[in-house]
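Subject: Structure handover

Hello,

Here is the structure for you to look through. My notes on what was found in it come after.

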Amino acid sequence: MDPLVRIKRAILAGRYAFSEKARLEMEAVALQSLRIQTCPSCGSGRIRQVRRSWSGEFRGRRYTVPQLRFFECPACGKRAFDPEAMRRIESKSPAFAGARRVKKLA
Ligand SMILES: [Zn+2]
């Protein structure tokens with residue numbers, strides 16, 4: 001199942017604060033610090049920060065986050081997002097649209 005579907009179900013169940021487990025399921029690692037020097041997945045020291053548009057797809061709907069800054073490991077392909085990058089993805093992804101709507105009504 002698409003990890004984003006699981007996350008959306010968690011949102012709909014009333015858990016607006018995404019658990020650390022849900023974040024880890026997004027094929028990415030949520031970082032609490034910008035000071036990353038080794039890949040959290042494979043330990044490679046070649047992981048580096050990149051800045052480019054991020055494209056994702058949710059239930060056939062594509063979305064783009066322009067000029068997103070995140071870390072990418074050239075050894076294993078792992079991507080890591082800091083909290084600001086996570087916020088930007090969440091603000092663009094249709095997977096989180098329901099949560100935004102609920103929050104506005106609240
Ligand atoms: Zn790696």
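Which residue in the hairpin of β2 and β3 takes a positive phi? The residue is R59, with a phi near 50°, and the hairpin has two residues between the strands.

Two points on how to read the rest. This is a predicted model, in which local features need pLDDT of at least 70, side-chain atom pairs count only at pLDDT 80 or more, and totals for chains, interfaces and linings use all residues. Residues are numbered from 1 along each chain as its sequence is written.

Overall layout

The protein chain has four helices and four strands. Helices (H or I, at least four residues) and strands (E, at least two) are DSSP runs, numbered from the N terminus. Their order from the N terminus is α-α-β-β-β-β-α-α. Of the 106 residues in the protein chain, 17% are buried. Buried means that 20 or more other C-beta atoms lie within 10 Å of the residue's own; exposed means 12 or fewer, and partly exposed is in between, with C-beta atoms placed from the backbone.

The hairpin strands

Strand β2 (residues 48-58) pairs with strand β3 (residues 61-72) in the antiparallel sense, over 10 bridges. Strands count as paired if DSSP finds at least two bridges between them. R51 stands opposite R69 in β3. Strand β2 lies largely in the open, because the number buried among its 11 residues is one.

The core

The largest nonpolar core has nine residues: C39, I47, W54, F70, F71, C73, F81, A85 and I89. The elements giving two or more residues to this core are β3 and α3 (83-92). A nonpolar core here is a set of buried Ala, Val, Leu, Ile, Met, Phe, Trp, Tyr and Cys residues joined through C-beta atoms within 7 Å.

Apart from neighbours within four places in sequence, I47 is in contact with I36, T38, C39, F71, E72 and C73. Contact means that the C-beta atoms of two residues, placed from the backbone, lie within 7 Å.

Two exposed residues

T38 lies in the loop between β1 (28-30) and β2. T38 is exposed because it has 12 other C-beta atoms within 10 Å. With neighbours within four places left aside, its contacts are G43, S44, G45 and I47.

R9 is in helix α1 (residues 3-12). R9 counts as exposed because it has 12 C-beta neighbours inside 10 Å. R9 and A95 are 86 residues apart in sequence, and their C-alpha atoms are 9.5 Å apart in space.

Regards
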